[in-house]
Amino acid sequence: MYEVKYDEKKCLSCRTQDCLIKCQYIDIDKESAKKEILKIGHGEDSFVLHECVTCYACEEYCPMNNHPFYLIVEKQEELDIPPLPRPLIQRGINLGVPFRGEPVIEKVNGRSLLMGVFSDLMFLIQGKLFEGVPVISSDPRKMFHYFCQLMYLHYARTSVINDRLPKIIETIAKHEVDEVICFHDECYGTYTSYCSAVGIEVPFKPVHFFEFLYDRLKELKDEIEPVNLKVAYQRPCSSRLSSDKHHFVQDIFELIGAEAVEREYVDENALCCGGTIVGQRQEGSRKRAAEIEKKNIEDMKSAGAEVCVFNCPACYNTMAQIVTRNGIAPIYMSDLCRLAIGENPAGWR
Amino acid sequence: MNSVYEALVEIVGKDHSSVQPEELFIYSWDLGTTEPHRPDYAVSPRTPEQIQKIVQLANKEKIPVVPLGGGLSLAGLAVPFKGGILLDLKRMDSIIEVNEKARYTVVECGVSQGQLTSYLERHCPHLTHSEPGAPPTATIAGNMAIHGQGDLAQPYGFNSDMINGLEVVLPTGEICQFGSCSIGSGWFTLHPLPDVGLFLGWTGTTGIITKVSLRLFPCKKIRGAALFAVDNEELIPEIIYKLTHTQMVEDIVAFSQAIPPFSSGLQHITINLSADSEKELEFKQEIIFDDTLGEYIRKGDGGYLGFNRGLQRPQISKTSDWRKGGGFEYVGSIMPIDTYPECYRRGRQISEKHDIPYTVLGRCIGAAHAMMFSWTYAFNRADPETIKHAKAALHETDDLVLKLGGTIWKPGLYGQKLVMERLNSSTFDLMRKVKQLLDPNGIMNPGNWEPAL
Ligand SMILES: Cc1cc2nc3c(=O)[nH]c(=O)nc-3n(C[C@H](O)[C@H](O)[C@H](O)COP(=O)(O)OP(=O)(O)OC[C@H]3O[C@@H](n4cnc5c(N)ncnc54)[C@H](O)[C@@H]3O)c2cc1C
Ligand code: SF4
Ligand code: SF4
C-alpha cells in the first residue's frame with residue numbers, strides 16, 4: 001500500500017512552520033502550527049483538516065520537502081473529513097473512469113507530449129512549436145486512460161490516486177516513451193512530486209510543459225517578434241508541486257517580449273482560481289470563491305494587465321469569462337508563445 | 001393523373017405538393033420506434049385559406065389529413081398511419097406581431113422555436129418565450145398540440161398555459177378564432193370569454209392550428225444555469241419544493257443517467273437563474289445556495305457545482321445524444337413531484353432489464369405542481385433487436401406511469417389506448433361527441449385518439 005513519506009523529525013526541528021504560517025486560508029500562529037501539523041502527522045483530528053481548502057500551496061512552502069499537503073489530504077481521508085460533499089466526491093471519482101474501450105497504443109520510442117485528460121484541447125498544440133512531437137492521449141474518448149488522477153487530492157481521496165495511478169503509468173509506458181512532456185503541470189507534479197512522495201516508480205522522464213515551450217522558443221528565436229503585451233499570470237494549484245520550474249514563466253515572458261505586470265497575488269503569494277473552493281462543505285465556500293475571483297481580477301486590473309495567461313484548463317474554465325468581462329483577454333501560455341512567432345492563437349477569445 | 005393530386009397542385013402549386021416516393025418516404029416516419037407509414041400526398045401550404053381548401057377536399061374524398069410541424073414528438077404522432085395527405089406546415093413561418101408592452105407575439109404555425117428565439121434575441125432582447133428542450137426546428141404550434149413545456153416552466157407552467165389566442169382550421173374547413181382576437185380585439189388574452197379548449201393536447205385530431213398568440217416574458221440580461229448534485233434520490237422532491245418556494249428559479253430539471261459514468265447513481269439538478277445585474281444574481285444565489293440549499297452542502301449531502309452564464313438553448317437536447325448517432329425515444333409523463341425517487345428507481349430497473357443505459361429526467365412544472373418525468377431508451381436504428389427492446393421498455397413504462405398515478409404526456413398509440421381505457425366514462429363519451437361534431441368524417445390524423453370516434 002502506498003503511503004506518503006512524512007518525517008516527523010523534520011517538523012520537530014523545523015524553524016519556520018511555513019507550511020501553515022504562509023497558508024492564505026487558515027489563520028494560525030507559529031506555535032499552534034507546529035502543534036497542529038504534528039497532531040496531523042500522528043493521525044489526530046485538527047482544525048486544519050477541516051479548514052484546509054486544498055490549494056496545494058503548503059507543499060511549496062515547506063522548506064524541508066516534508067509533504068505537508070499530501071499528509072493533510074491523506075489524513076482527511078483516514079479520519080473521514082472530506083472537504084467536499086459526498087455527491088461531488090462520487091461524481092469526481094466516477095469522472096475518471098474510462099468507459100469507451102481501450103486506448104490505441106502507438107510506440108513512440110523517444111520523447112512525446114502527453115495531453116493527459118485534456119485531449120479535447122489538441123487545438124492548442126498546433127504550429128511550429130509542436131512540429132515533429134508525437135502526442136499521446138490525443139483521443140478525448142480514451143483520455144481517462146491517461147488521467148494522472150492527482151485531482152483527487154482536492155477530494156481527499158489519495159486511496160483512489162494510489163489505486164489507479166500505477167495502471168496509468170503502465171499505459172503511458174506501453175508507448176515506449178523515455179521523455180514525457182506533460183501538457184498539464186498536474187501530470188508533471190504527479191510524476192515528479194507525488195510519485196516520489198508515496199514511492200510509486202516512474203519509468204520515464206517527465207518534462208515540464210513550460211520548459212519545453214522555452215526550449216522550442218529558443219530554437220525559433222529568429223522568428224520571435226515581441227508581443228508587447230502586459231500580461232498577468234494565473235498560477236494554478238498544481239504548479240505548487242513543481243516550483244523549481246516556475247521560473248520558466250518569467251523566462252518565457254522575457255523571451256517573447258511580454259511584460260509581466262506587478263501583481264500582489266503572484267509567485268508564492270498566488271491565489272487559487274476559486275474553482276476547487278466553490279463547492280466545498282465549509283460554510284461560505286461559494287462566497288469565498290467569489291471573493292477570491294474578485295481579488296484576482298482586481299489585482300490584474302490595477303496592475304494594468306491586458307492579457308491573463310493560463311496554464312491550467314480548469315483555471316481557464318473558471319476564470320476566462322470573468323476575465324473577459326473585465327476587459328482582459330484570457331490566453332493559454334502555448335497560444336501566447338504561438339503569437340510571438342507570428343501564428344494565430346487557436347484558443348484566443 | 002390522380003385527381004386528388006391535381007386538386008392539391010391547384011391549391012398550393014406544383015412546387016409544394018408531391019407524390020414522389022422519395023419525398024413521401026421522408027414523411028413516413030419520425031425519429032422514434034414507430035413503424036413507418038407512407039402518406040399518399042405531401043403538401044406544404046402557405047395560408048390558412050389553402051389549408052381550408054385542402055381540408056374541404058379531404059372531406060369530400062374522405063382521406064386523412066396529418067399536420068406536421070417539426071416532426072420531433074418522437075412518439076409517432078405525425079406518422080400517417082392511414083396514409084392520406086401529409087400537411088407540412090413549415091412554410092407558414094411568419095412572425096406576425098410582437099407587442100412588446102403587452103408581452104405577446106402572434107406567430108404562424110410553422111414558426112419554429114429557434115426562429116422565435118433568435119428573432120427575440122435580435123429585435124426584443126428583453127423578451128423571451130418558454131423554449132422547450134426539443135431541437136430548435138420544433139414548431140410553436142406543434143408544441144401546443146402536445147402540451148409541451150419549456151425553460152420557463154417553473155414560474156409559468158405548461159407552454160399551452162401561455163396562449164392568448166388561437167386561429168384554427170376545423171376539420172370541416174371553417175376558420176375559427178379563439179380569445180380576444182375572435183371579437184376583433186388584439187391577441188392579448190384568452191379570458192374571460194367562454195373557454196373552448198378543444199385543440200390543445202389533441203395532437204392535431206380536432207383541427208389545424210394556423211396562428212398562435214403566445215405570451216412573452218421578461219428576459220433578464222444574465223441567464224444561466226447552476227448545477228446541484230445529490231446522491232440520494234429521496235431528497236429531490238423536498239429540494240424542488242424548497243427551490244420553488246424561493247420563487248426565483250426559471251427552470252428546474254433533475255436528471256440521472258448511466259452514461260457518462262460520473263452521473264450514474266447521482267441526481268443532478270439544473271437550476272436556471274436570471275438577473276439584470278450582478279447584485280440581483282448574487283442575491284438570488286445567496287438565497288438559493290447559501291440559505292436554501294446550504295444545509296445539504298454543509299452536511300455533505302448535496303454539492304453545488306457552480307453557475308454557468310449564458311443559457312444554452314435548447315437545454316435538454318444537449319444531453320439527449322450522449323450515445324452519438326443512435327436512436328432514442330422517451331416516455332414522457334406528468335407526475336406528482338413526490339414520485340421522483342420511485343420514477344428514477346423503476347426507470348433504472350426497466351432500462352437495466354433491457355440492457356439500455358438508463359436516462360431519466362424530471363422537469364418541474366409550476367411551483368412544484370407537477371413534473372414532466374421522462375424515461376429515455378436508446379436504440380441503434382440499424383439493429384432491430386435494440387429497437388424491439390426499446391419498444392418493450394417504452395410500453396412497460398407507459399404501464400408504469402399509470403400504475404404510479406401519473407398521466408402519460410404525448411402518448412403514442414399504446415399509451416393512448418391505456419389512457420382511454422381508464423378515462424372517466426362520461427369524459428370519454430364527451431370526447432367522442434366532440435370529435436364526431438368537429439370531424440364527422442374522421443379525417444384528422446386518424447389512428448391517434450381513434451377509439452374516441
Ligand atoms: C431531444 C428532444 C428533447 C425534447 N424536449 C422537449 C421539451 O423539453 N419540452 C417539450 O415540450 N417537448 C420536448 N420534446 C418533444 C417535441 O419535440 C416537442 O414537444 C416539439 O415542440 C413538438 O413540436 P413539433 O413541431 O416537432 O411537433 P410535431 O412532432 O410535428 O407534431 C406533434 C403533434 O402535433 C400535431 N401538429 C403539429 N402541428 C400542428 C398544428 N399546427 N396544428 C395541429 N396539430 C399539429 C402533429 O400532427 C402531431 O400529432 C423533445 C424532443 C426531442 C427530440
Ligand atoms: S511540514 Fe514542513 S514547513 Fe511544516 S512544520 Fe513540517 S517541516 Fe516545517
Ligand atoms: S493546502 Fe492550502 S489551504 Fe490547505 S493547509 Fe496547505 S496552504 Fe493551507
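Visitor: What do the side chains of Asp301(B) and Arg86(A) do?
Guide: The side chains of Asp301(B) and Arg86(A) meet in a salt bridge, 3.0 Å from N to O. A salt bridge here is a side-chain nitrogen of Lys or Arg within 4 Å of a carboxyl oxygen of Asp or Glu. One caution: this is a predicted model, where local features need pLDDT of at least 70, side-chain atom pairs count only at pLDDT 80 or more, and totals for chains, interfaces and linings use all residues. Residues are numbered from 1 along each chain as its sequence is written, chains are lettered from A and ligands numbered from 1 in the order in which they are written, and side-chain values use heavy atoms, with hydrogens and water left out.

Visitor: How many salt bridges are there between chain B and chain A?
Guide: The count is 6.

Visitor: Which elements of chain B give two or more residues to the side that touches chain A?
Guide: Strand S12 (222-230), helix H8 (278-292), helix H9 (294-299) and strand S15 (302-309). Helices (H or I, at least four residues) and strands (E, at least two) are DSSP runs, numbered from the N terminus. H8(B) has the largest share, with 6 residues.

Visitor: What kinds of residues are on that side of chain B?
Guide: They divide into 13 nonpolar, 7 polar and 9 charged. Nonpolar covers Ala, Val, Leu, Ile, Met, Phe, Trp, Tyr, Cys and Pro; charged is Asp, Glu, Lys and Arg; the others, Gly among them, are polar.

Visitor: How many residues are in contact, and what area do chain B and chain A bury?
Guide: In chain B, 29 residues are in contact with 20 residues of chain A. Contact means heavy atoms within 4.5 Å. The two chains bury about 2200 Å² between them, 52% of it on carbon and sulfur atoms. That is the accessible area (1.4 Å probe) lost on putting the two parts together, summed over both.

Visitor: New topic. Which residues are closest to ligand 1?
Guide: Pro67(B), Gly70(B), Leu72(B), Gly133(B) and Thr139(B) are the closest of the 39 residues that surround ligand 1. To count, a residue needs a heavy atom within 4 Å of the ligand.

Visitor: Where do backbone atoms come in?
Guide: A backbone N or O atom of Gly69(B) lies 2.7 Å from an oxygen atom of ligand 1. A polar backbone atom of Gly133(B) is 2.6 Å from an oxygen atom of the ligand. For Ala134(B), a backbone N or O atom lies 3.2 Å from a ligand nitrogen atom.

Visitor: How much of ligand 1 does the protein bury?
Guide: 99% of the 960 Å² that ligand 1 exposes when taken alone. Those areas come from the Shrake-Rupley method with a 1.4 Å probe.

Visitor: Which element gives the most to the shell around ligand 1?
Guide: H5(B), with 4 residues. By class, the shell has 21 nonpolar, 16 polar and 2 charged residues.

Visitor: And which residues are around ligand 3?
Guide: Those of chain A, including Cys23(A), Cys52(A), Cys55(A) and Cys58(A). The shell has 11 nonpolar, 1 polar and no charged residues.

Visitor: Last one. Which residues does a cis peptide bond join?
Guide: His191(B) and Pro192(B), with omega about 0 degrees. The bond from Ile259(B) to Pro260(B) is also cis, with omega near -5 degrees. Most peptide bonds are trans.

Conventions
A polar contact is a pair of N or O atoms within 3.5 Å; within protein, one must be able to donate a hydrogen and the other to accept it, and residues adjacent in sequence count only if both atoms are side-chain atoms.
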